[in-house]
Amino acid sequence: MKFGCSLEMVNMRVSEPGFKHKLSKSYWVELLKFIATSGFKGIELPYNTYSTDGIAFNMARSGMPISKYAINTKYGSVNEFKNLLNHVGIEEVTGVHLNASDALIELLTTGQHPDKLFEKVEAAADEAIDFLLEIGGKELVISPTPEIGLLNQIMGHKNDDWPQAFLSQTADVINRIGTKAAANRIQASIRNEFWSLIRGNQLDFFMDKLDPQNLKYSPDLAHLHISGVDPKEVVEKYKDRISSIRFSDTKFEDLENNFSKTNPEFPVVGVQRVFCDLGDGHIDIKGIYQILLGTGYDGWIICESKKTLNVYKALLKLDWYINNSLKITGEECK
């Protein structure tokens with residue numbers, strides 16, 4: 001079992017103090033050094049091929065390695081970026097995370113028809129597979145549906161059963177992506193979010209439509225909890241189909257139904273902080289870790305303190321939590 005870290009810990013969607021520094025390459029090179037110093041030998045990258053909307057534009061012009069284009073622009077080449085990772089002590093890119101919401105935002109921003117969503121997602125997956133082959137990553141993690149809030153704006157005029165039809169069409173696309181990934185010896189998997197159409201028990205409906213040979217599951221614990229299901233039960237149910245797992249934490253209860261609103265991770269009313277640092281929330285991380293130990297799981301555990309207020313402090317807390325609270329030695333987990 002190996003512990004990695006996700007660069008999505010860094011909140012690029014808020015213009016907070018010091019935000020401009022995040023747009024510099026030096027910020028990300030420094031962060032990579034801190035990640036390695038905290039003991040993580042693998043990193044998962046967000047993958048966003050777009051640059052039209054303001055947020056994507058800021059990320060693409062920063063040193064954040066979110067696409068092949070961004071890496072070539074800021075680091076010279078994929079190979080040079082890989083050499084940098086090795087130099088600071090990070091051994092591999094475990095995989096990349098592709099989010100269907102990014103594709104829909106691109107379509108809405110550029111005035112293209114939303115019907116092109118599936119085409120956009122598949123094209124982005126093709127590019128991500130090529131990138132993984134070049135950098136040596138082994139997993140393509142996909143959040144398969146956009147936010148419910150965005151989809152309701154587009155699909156709300158249709159009859160009430162549109163989500164099932166939409167999920168069936170999504171499954172067809174994800175199955176095609178899974179076939180392509182498998183042909184390149186890359187594992188494709190899906191990730192759940194509390195704001196997506198596969199939230200909560202809808203995950204079961206979607207998983208039943210996926211080819212078990214080519215597609216696996218990469219659970220996100222905090223998102224499961226917020227959507228109203230027990231993460232421990234979900235991990236137990238799908239333990240034989242888990243490709244990687246994201247250890248994340250939360251105290252949040254979605255009392256205002258933020259899952260159905262736009263920008264659900266940034267509530268307008270009610271409790272403002274959706275996620276918390278790993279180990280500070282209500283999720284039974286230790287119990288889930290024991291399940292993984294019992295199954296002989298030998299894949300990556302991607303750790304993330306989502307939207308943390310202090311990335312450097314959160315990295316130290318992650319390292320402490322893994323080695324002390326989970327009672328595992330540095331030799332065993334790093």
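I take helices as DSSP runs of at least four residues, numbered from the N terminus. The model I am reading is predicted.

**Entry: H4 and H5**

I looked up helix H4, residues 68-75, against helix H5, residues 78-88. Their axes lie 8 Å apart, and the packing angle is about 75°. Angles of 65 to 115 degrees count as roughly perpendicular, so I log H4 and H5 as roughly perpendicular to each other. Next I listed who touches whom. H4 supplies Lys-68, Ile-71, Asn-72 and Tyr-75. H5 answers with Val-78, Glu-80, Phe-81 and Leu-84. I sorted this contact by class and got 5 nonpolar, 1 polar and 2 charged residues.

**Entry: H5 and H7**

I stayed with H5 and turned to helix H7, residues 117-135. Here the axes are 9 Å apart, at an angle of about 55°. That angle makes H5 and H7 oblique to each other. I noted the hand of their crossing as right-handed. From H5, the contact takes Val-78, Phe-81 and Lys-82. From H7, it takes Phe-131, Glu-134 and Ile-135. The class count for H5 with H7 is 4 nonpolar, no polar and 2 charged residues.

**Entry: H2 and H14**

I then went to helix H2, residues 25-37, and helix H14, residues 311-325. Their axes come within 10 Å and cross at roughly 15°. Angles under 35 degrees count as roughly parallel, so H2 and H14 go down as roughly parallel to each other. I record this crossing as right-handed. On the H2 side I find Tyr-27, Glu-30, Leu-31, Phe-34 and Ile-35. On the H14 side I find Val-311, Tyr-312 and Leu-315. By class I have 7 nonpolar, no polar and 1 charged residues in the contact of H2 with H14.

**Entry: second largest pocket**

How much space lies in the second largest pocket? I read about 310 Å³. Its lining has 18 residues. Closest to the pocket centre are Ser-243, Ser-244, Tyr-297, Gly-299 and Trp-300.

Definitions and conventions. Residues numbered from 1 in each chain as written. Predicted model: local features only at pLDDT ≥ 70, side-chain atom pairs only at ≥ 80, totals over all residues. Heavy atoms only, no water. Axes fitted to C-alpha atoms, helices over the stretch in contact; angles between N-to-C directions. Helix = DSSP H or I, 4+ residues; strand = E, 2+ residues; numbered from the N terminus. Parallel < 35°, antiparallel > 145°, perpendicular 65-115°, else oblique. Left-handed = near helix turned anticlockwise from the far one by under 90°. Contact = heavy atoms within 4.5 Å. Nonpolar A, V, L, I, M, F, W, Y, C, P; charged D, E, K, R; others polar. 1 Å grid on protein atoms, 1.4 Å probe; cavity = no way out; pocket = protein on both sides within 12 Å on 5 of 7 lines; lining within 4 Å. Points joined across faces, edges and corners; volume = space filled by probe spheres on them.
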